[in-house]
Amino acid sequence: MLSTYVFFTFLDTSSKYLVLAGVSALIVAWARFTVHVLLVGIFLRGWREPSRFRANNLPAHILRGGLLFGSTMCNVMALKTLQLAETTSIYFFGPMVITALAGPLLGEWAGWRRWLAILSGFVGVLVITRPGVGVFGVGHLFALGSMLSNSFYVIMTRRMSASESSESLILFSALAPAVLLLPMLPFSHSLPQDGWHWFILVMLGVFGAGGHWMLVQAYRLATTTALAPYPYSQMVWMILSGWIIFHQFPDRWTLVGAAIIVASGLYIIHREHRLRLRNRTTVDVEAEALAKKL
C-alpha cells in the first residue's frame, strides 16, 4: 500500500512536470490511460482468457470510465497552478464526500459523529482554499471537480464490484477514457519536444497501471480496514516531491487545512471500524442465542 501511493505520487509529479513544460493536458491524460490499457492486456494476458474482461454492464463501465477521465483531466489542469500538496489535500476530502453520498446512493447512512467529521473536513478545505481572501482560484475549482468526479467513480466501483470481474473493472477504467479522448486529440498540438519528455509521457501509464496493480495486491493480502489509513501517507510523498522537483513547500494554511482533513478522515475510518466490530459482535451473539434454542 505504501508503494502504491509512491507510484501515484510519481504519476502526479510527472503530470505536473509535463504540463508546466507545455505538453497538452489532453495528451498527458490520453497517454496515461492508453499505456495503462496496453500494460493490463500484456501482464494479465488478455488474449488467453478474454472472458475475464467481459463487461456485463457496458454503459456503466463507460460512465465509470468517463468519471475517471473527468477526475484525471481536472487533476492535471489543477496541477498547472496548484502545488502537489494542495491538490492532494483537497483530494483527501473525497472519502468524506463518499461517506456522505453513500447514504442516498448506496443506503449506507452515516451517523452524527461521522457527519461532524465530514463538516470538519470541509472546514479543512476552506482553510486551504480560503475563498473571499483572494486565494481561491481556477486551480482550486479543478481540484474540487477532480475530487467530486473521483468520489462518484468510487461509488460506482462499489456498486459494480458485485456483478463485474476485477479484470474488467481494471481494463475498462482506462479503456473508456482512452477511447473518449481520441476525438479530442486532433485539437491538441502541444506534443513533447524531446526524448526525455516522451519518456516521462510513457511512464505515466507505467506509474498508473503499477499503482493500481499494487493496490489490488494489497487488498488481496489485508483487509480494507487495515489498509484504510495508508492513503494518507501520500501527503508526505507529495510534500517531498513538490519540494525536491519544483522547489515548492506548502504554506502554513495548506498544512493546517491538510492536518484537519487527514484527522477527520482518520476519525471516519476509526468510527466505521468500531461499527463493523459492533455489528459483527451483535451477529455472533444472535447466532449463539439461536444455537442455544435449537
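**View 1. Lining of the largest cavity.** N75, T87, Y91, A143, S146 and M147 line the largest cavity. Two elements each give two or more residues to this lining: α4 (84–91) and α7 (138–160). Helix α7 gives the most, with 3 residues. By residue type, the lining holds 3 nonpolar residues and 3 polar ones. No charged residue takes part in the lining. The model shown here, as in every view, is predicted.

**View 2. Volume of the largest cavity.** The volume of the largest cavity is about 30 Å³. A search of the whole structure finds 1 cavity of 30 Å³ or more.

**View 3. L144 on helix α7.** L144 sits in helix α7. That helix also contributes 3 residues to the lining of the largest cavity. L144 is partly exposed: its relative accessible area is 22%. The cut-off for buried is under 20%, so L144, at 22%, does not count as buried. Leaving aside neighbours within four places in sequence, L144 is in contact with I90, V125 and F136.

**View 4. S15 in helix α1.** S15 belongs to helix α1, which spans residues 2–20. S15 has a relative accessible area of 6%. Buried means under 20%, so S15 counts as buried. A polar atom of the S15 side chain lies 2.8 Å from the backbone oxygen of L11. Not counting residues up to four places away in sequence, S15 touches V28, V76, L79 and L204.

**View 5. H247 between two helices.** H247 lies in the loop between α11 (234–246) and α12 (252–293). Its backbone has a positive phi, near 55 degrees, in a residue other than glycine. Is H247 buried or exposed? H247 is exposed, with a relative accessible area of 69%. The cut-off for exposed is over 50%, so the value of 69% places H247 in that class.

Conventions
Residues are numbered from 1 along each chain as its sequence is written. This is a predicted model: local features need pLDDT of at least 70, side-chain atom pairs count only at pLDDT 80 or more; totals for chains, interfaces and linings use all residues. Side-chain values use heavy atoms; hydrogens and water are left out. On a 1 Å grid over the protein atoms alone, a cavity is a set of points where a 1.4 Å probe fits but cannot get out, and a pocket is an open set with protein on both sides within 12 Å along at least five of seven lines; lining residues have an atom within 4 Å of a point. Grid points are joined across faces, edges and corners, and a volume is the space filled by probe spheres set on the points. Helices (H or I, at least four residues) and strands (E, at least two) are DSSP runs, numbered from the N terminus. Ala, Val, Leu, Ile, Met, Phe, Trp, Tyr, Cys and Pro count as nonpolar, Asp, Glu, Lys and Arg as charged, and the others, Gly among them, as polar. Buried means under 20% relative accessible area, exposed over 50%, partly exposed in between (1.4 Å probe, protein chains only). Contact means heavy atoms within 4.5 Å. A polar contact is a pair of N or O atoms within 3.5 Å; within protein, one must be able to donate a hydrogen and the other to accept it, and residues adjacent in sequence count only if both atoms are side-chain atoms.
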